[in-house]
Amino acid sequence: MRSAVAWRWGTQVLAQAITWTSTILVVRLLSPADYGLFAMAQTVITALAFLNGQSFATSLIQADRVDERRIGQVFALLLMLNGTLAVTQFLMAPLAADYYNQPMIAHMLRVQAIIFLTIPFSALPQELLARRIEFRNQGLVNLLCALVGASTALVLAWYGFGVWALVYAPIAMYLTRAIGLTLAARLLVKPVFDLRGAGDLITFGGALTLCQLFWIVQSQSDIVIAGRALETHDLGLYSEALFLTLIVTGRFLPPINEVAFPAYAELHKAGHALAPYFLRTVRMVLLVVAPIYIGLSLTAEPAILTLFGEKWAEMAPFVAGLALAMPFFALQIICSPTTNAIGRPRIYLTTAFCGAMIFPTLFLIGIRFGPMGLVHAWWAAAPTLLAITLALTLPAIGVRLRDLLAAVAPAAVACALMAVAVLAMRGSVTGWYPIAQLAALGVAGAVTYMLTLWFVWPGVVRDAWAMLRRQPAAVPEPTASLGATHA
């Protein structure tokens, strides 16, 4: 388990470093309006993607029996679904362009329909590798995809392709991923269109597909609503701020969930309680993401000016506000693998449904106050959805609220003291160059955070260091709350 996390998460970090080096350069070459157009097109692709069949491939992870016939049945489902989605997107492209009153959207969507044709050749090998908890080759493929996508975007942006740099880069990545994962899994299987005997896979995968639909409604409703209410410039500022603040929750937490789901499933099948493993995951995730987001909120203006330049200065308030909601969002995201692993996807389905109701409702209210109204909607929606998720998840896996609070406390207290230190220092660096402000505030915050953990929770620091060095900590009894280690 620890080796899987190291490969999956470590390669993800390297891939994102590559992607973000390219992104920072590409952002300086393109305009907010380009990102606004791209965000509009993405809502259509994402809205259709819930039917891409990934959930049916995921169902192979928890299935008790997997043979060549069942793999072929899943492959057939993927081919049928994604072929239909590609044709659907191609045909409905003009309708989307009319909705947003942007003719360019139609041309972009027709080209991006290619993405769906690659998914059967990446989704199936990805889930088969995950079932075997083999993430080394998968991580290397992700690194290659990052290099291909980053170089494609940068070269096209440099040569003046504008928004098309953002269109072709993902296509290049999806093609690379499909080829790379197929080779990594050594997978050559014929599709089996006779689906008799695949009822359990379809039932489990169908539940996850419905969850994915709710997730898409939750995650894309702000852009769909704002796309008709805001100018492309303002929408580009908001969408890029959201992209920036979702990097950790959207890029680094999914790999952890990918490893956690099969690991939790194996633990559950072996009769082990999941509570101590879940609590340790909560603690370690918050120790990483909470200071990143609180720090980003406190240093948003110099960070944006340093990374993106003066052209994007208006984005700083959006980043500062959205970052405050993300620790709640991160904690909510890591809950679903536990309940899915114990065979209770209805909990995930319920929380996904709640998210699909809460977020769009608050976005409809918030858009009346402009793009910052969407940010304020996040402040209410993320904690509300987290509370509902915890109320359903904790009893199912046997976690007490006081144990969860104990797991959260180190990151929460250390972040609070970090914020006090940064706010106290911020006035003294006014007038400095943005990069100097960012460096000074960042160092002050990081030192305060680490010293707090070292002197108040030294055991937490030692445990984190042991995980980084792959030294196993003592495995507690199932009733323990914080001392457990992953399998």
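This is a predicted model: local features need pLDDT of at least 70, side-chain atom pairs count only at pLDDT 80 or more; totals for chains, interfaces and linings use all residues.

Student: What share of the residues is buried?

Tutor: Of the 487 residues in the protein, 55% are buried. As for contacts with a separation of 6 or more, 84% of them join residues 24 or more positions apart.

Student: Let us turn to one helix pair. At what angle do α5 and α9 pack?

Tutor: Helix α5 (residues 104-112) packs against helix α9 (residues 164-184) at about 15 degrees, and their axes are 10 Å apart. Because angles under 35 degrees count as roughly parallel, α5 is roughly parallel to α9. The crossing of α5 past α9 is right-handed.

Student: Which residues make the contact?

Tutor: From α5 they are Met104, His107, Met108, Val111 and Gln112, while α9 supplies Trp164, Val167, Tyr168 and Ile171. By class, seven residues in this contact are nonpolar, two are polar and none is charged.

Student: Changing topic, how many salt bridges does the count come to?

Tutor: The count comes to one salt bridge. Arg400 pairs with Asp403, and their closest N and O atoms are 2.8 Å apart.

Student: Are Arg400 and Asp403 buried or exposed?

Tutor: Arg400 is partly exposed, at 40% relative accessible area, whereas Asp403 is buried, at 11%.

Notes:
Residues are numbered from 1 along each chain as its sequence is written. Side-chain values use heavy atoms; hydrogens and water are left out. Axes are lines fitted to C-alpha atoms, for helices over the stretch in contact, and angles run from 0 to 180 degrees between N-to-C directions. Helices (H or I, at least four residues) and strands (E, at least two) are DSSP runs, numbered from the N terminus. Angles under 35 degrees count as roughly parallel, over 145 as roughly antiparallel, 65 to 115 as roughly perpendicular and the rest as oblique. A crossing is left-handed if the near helix is turned anticlockwise from the far one by less than a right angle, and right-handed if clockwise. Contact means heavy atoms within 4.5 Å. Ala, Val, Leu, Ile, Met, Phe, Trp, Tyr, Cys and Pro count as nonpolar, Asp, Glu, Lys and Arg as charged, and the others, Gly among them, as polar. A salt bridge is a side-chain nitrogen of Lys or Arg within 4 Å of a carboxyl oxygen of Asp or Glu. Buried means under 20% relative accessible area, exposed over 50%, partly exposed in between (1.4 Å probe, protein chains only).
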